[in-house]
Each structure stands twice: as C-alpha cells, then as structure tokens.
Amino acid sequence: MDISQYKNVTLLNHPLLTHKISILRDENTPVAQFRQIVKEIAVMEGYEALRDIKSKMVTIKTPIEETVQPMVSGKGLCFVPILRAGMGMVDGMTELIPTALVGHIGLYRDEVTHEPHEYYCKLPGNLENKEIYVLDPMLATGGSANGAIQLLKAHGAKHLHFICIIAAPEGVKAFCEKYPDIPLYIGALDRQLNERAYICPGLGDAGDRIFGTLKG
Ligand code: PRP
Ligand code: URA
C-alpha cells in the first residue's frame with residue numbers, strides 16, 4: 001500500500017518504536033513485559049500525536065528573572081481507549097498529560113462477521129470543545145475504529161485523532177475513506193489480514209496478550 005495517498009496518516013518510523021513493536025510481535029513475550037512495552041509505545045506515539053496541542057503563555061519566575069513561557073494544560077484533552085486493548089495505552093498517554101480526561105468505549109468484534117458491537121460508553125461532557133485521542137493498538141478491518149469515531153461524533157465530538165500500534169492496509173483504507181480529515185497515527189503498517197481478520201504478521205489478539213486471557 002502506498003500510504004502517502006492518505007494525507008491524514010502518519011506512519012511513525014522510528015527504530016526504537018519498531019524495536020518495541022518487534023518485542024510485542026514475539027509470541028514468547030510474557031504478559032507483564034507486553035503490557036509495559038505497550039505503555040512505552042503509547043508514550044512514544046503520544047509524544048508525536050500531541051505535537052500540535054495548544055499551550056498557554058504563563059508568567060513564571062526563574063532564579064534569574066520573571067518570564068512569560070508556554071505551558072500545556074490538559075484540560076481540553078480527552079483520551080478514549082477502545083476496550084479492552086486500548087486500556088493498555090492509557091497509562092502511557094496520561095504519563096505525558098496527567099490532567100487529561102479519559103473516556104471509555106467498549107467494543108468487541110464478532111468472531112464470525114468481524115463487525116464491532118458496542119457494550120459500554122462513558123464519556124466526559126462538552127466533547128465538542130475537546131481534542132480527543134482515540135486509543136487502540138490494532139486497526140484491522142477498521143470496523144472498531146470507525147464505530148468508535150461514529151459514536152464519538154454522535155456525542156458531539158469534533159476534534160478527533162486516532163492512535164494505533166499496528167495497522168493493516170485494509171483498516172487504513174476503511175478509516176481514511178470514511179474519515180479523511182481525522183489524523184491517524186500508526187506505529188507499523190503490516191502486510192494484510194488473514195481469513196479470520198487478524199493482522200499478518202501482527203501480534204495476535206492484543207486484548208488477550210495485554211490481559212493474559214489467551215486460551216491454552
Ligand atoms: C481488537 C482490537 C480492536 C479491534 C480491531 O479488539 O483491540 O478494537 O479488535 O479490529 P477491527 O479493526 O477489525 O475492528 P477485540 O474486538 O478483539 O476486543 P478486545 O480488545 O476486548 O479483545
Ligand atoms: N484484533 C487484534 O487484537 N488483533 C488482530 O490482529 C486483529 C484484531
């Protein structure tokens with residue numbers, strides 16, 4: 001896929017990020033390390049995705065003199081993980097902006113149709129005035145991402161961003177065709193989906209790997 005055709009997509013091509021994603025891909029990576037690395041990746045991706053957030057000029061006094069300098073306020077920011085797997089990215093994001101609000105959207109994919117089903121939604125008020133960063137490690141068919149954005153828009157959200165760790169070309173296409181104006185941040189772009197709509201090579205089921213619910 002030629003990703004440059006989608007102007008809203010940023011593929012975060014940093015060797016440290018790619019290294020960490022490779023650790024996630026390894027089926028032998030234990031749950032505790034997997035969780036820790038997802039958090040570290042969220043910090044790295046968040047750092048990039050938050051590049052355009054607003055600062056306010058505030059007066060501070062250095063040991064030398066008074067000066068007016070920019071400072072970020074988390075007030076207008078809201079992080080929204082898609083449950084379950086998106087939860088793994090929240091701590092990394094709030095490490096960057098501890099005062100940001102956090103909303104939650106619960107979606108699960110039907111194993112046969114791969115369609116997302118909503119089972120939970122709790123969001124802060126005044127969404128229309130907030131910069132919203134939706135978090136989910138995996139963008140596979142794009143059904144969950146598009147479903148979450150649709151839900152947020154229905155609640156009044158206007159300023160949206162989406163951060164994922166691994167994306168499939170199918171998911172990028174589905175997202176960008178529906179939401180060409182919403183910035184999409186990707187850690188790695190993989191080859192394709194398999195017949196069960198899992199990303200190849202991917203990392204398997206992100207929720208199961210973060211929470212240790214793998215069968216067998
Ligand atoms: C995973 C993942 C995304 C979704 C991506 O969640 O965290 O939300 O699949 O797939 P899609 O792009 O085809 O919609 P899942 O439905 O497995 O739920 P879980 O996080 O609770 O395991
Ligand atoms: N959801 C996951 O957790 N992994 C995939 O590969 C696809 C959807």
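I began with Ser 144 and noted that, once its neighbours within four places in sequence are set aside, it is in contact (heavy atoms within 4.5 Å) with Ile 82, Leu 107, Arg 109 and Pro 116. Before going further I recorded that this is a predicted model, in which local features need pLDDT of at least 70 and side-chain atom pairs count only at pLDDT 80 or more, while totals for chains, interfaces and linings use all residues. Residues are numbered from 1 along each chain as its sequence is written, chains are lettered from A and ligands numbered from 1 in the order in which they are written, and side-chain values use heavy atoms, with hydrogens and water left out.

**Entry: helix α4**

I placed Ser 144 in helix α4, where helices are DSSP runs of H or I with at least four residues, strands are runs of E with at least two, and both are numbered from the N terminus. Ser 144 has a relative accessibility of 17% and so counts as buried, the cut-offs being under 20% relative accessible area for buried, over 50% for exposed and partly exposed in between, with a 1.4 Å probe and protein chains only. Other buried residues of α4 include Ala 145, Asn 146, Ala 148, Ile 149, Leu 151 and Leu 152.

I then checked the length of α4, which covers residues 143-154: its twelve residues reach 16 Å from the first C-alpha to the last, close to the 16 Å expected, that span being 1.5 Å times one less than the number of residues. Just after α4, I found Gly 156 with a positive phi of about 100°.

**Entry: strand pairing**

Which strand does β4 join through two bridges, running parallel to it? The partner is β6, and two strands are taken to pair if DSSP finds at least two bridges between them. In this pairing Ile 82 has Ile 105 of β6 as its bridge partner, and Ile 105 also stands opposite Cys 121 in β7. I noted that β6 and β7 run antiparallel and are joined by six bridges.

I followed β4 to β8 as well, where five bridges join the two strands in the parallel sense and Leu 77 stands opposite Glu 131. From β8 I went on to β10, which pairs with β8 in parallel over five bridges, with Leu 135 opposite Ile 163. I found β8 mostly covered, since four of its five residues are buried.

**Entry: backbone angles**

For reference I wrote down that most residues other than glycine have a negative phi, and that most peptide bonds are trans. His 114 has a positive phi of about 65° although it is not a glycine, and it sits in the hairpin of β6 and β7, which has six residues between the strands. Is His 114 buried or exposed? His 114 is buried, with a relative accessible area of 16%. Asn 126, in the loop between β7 and β8, likewise takes a positive phi, near 50°.

I listed two cis peptide bonds, one from Leu 83 to Arg 84 with omega near 0°, and another from Cys 200 to Pro 201, also with omega near 0°. Arg 84 belongs to the loop between β4 and α3, whereas Pro 201 belongs to the loop between β13 and α6.

**Entry: pockets**

I looked up the pockets on a 1 Å grid over the protein atoms alone, a pocket being an open set of points where a 1.4 Å probe fits, with protein on both sides within 12 Å along at least five of seven lines, and lining residues having an atom within 4 Å of a point. The largest pocket holds about 980 Å³ of space, the volume being what is filled by probe spheres set on the points, which are joined across faces, edges and corners. Its lining has 35 residues, with Arg 109, Tyr 198, Asp 205, Ala 206 and Gly 207 nearest the centre. Among the elements that supply at least two lining residues are β4, β6 and α4, while α6 gives the most, with four.

The second largest pocket holds about 380 Å³ and is lined by 19 residues, of which Ile 53, Lys 54, Gly 76, Leu 77 and Glu 131 lie nearest its centre. I noted that β2, β3, β8 and β10 each supply at least two residues of this lining.
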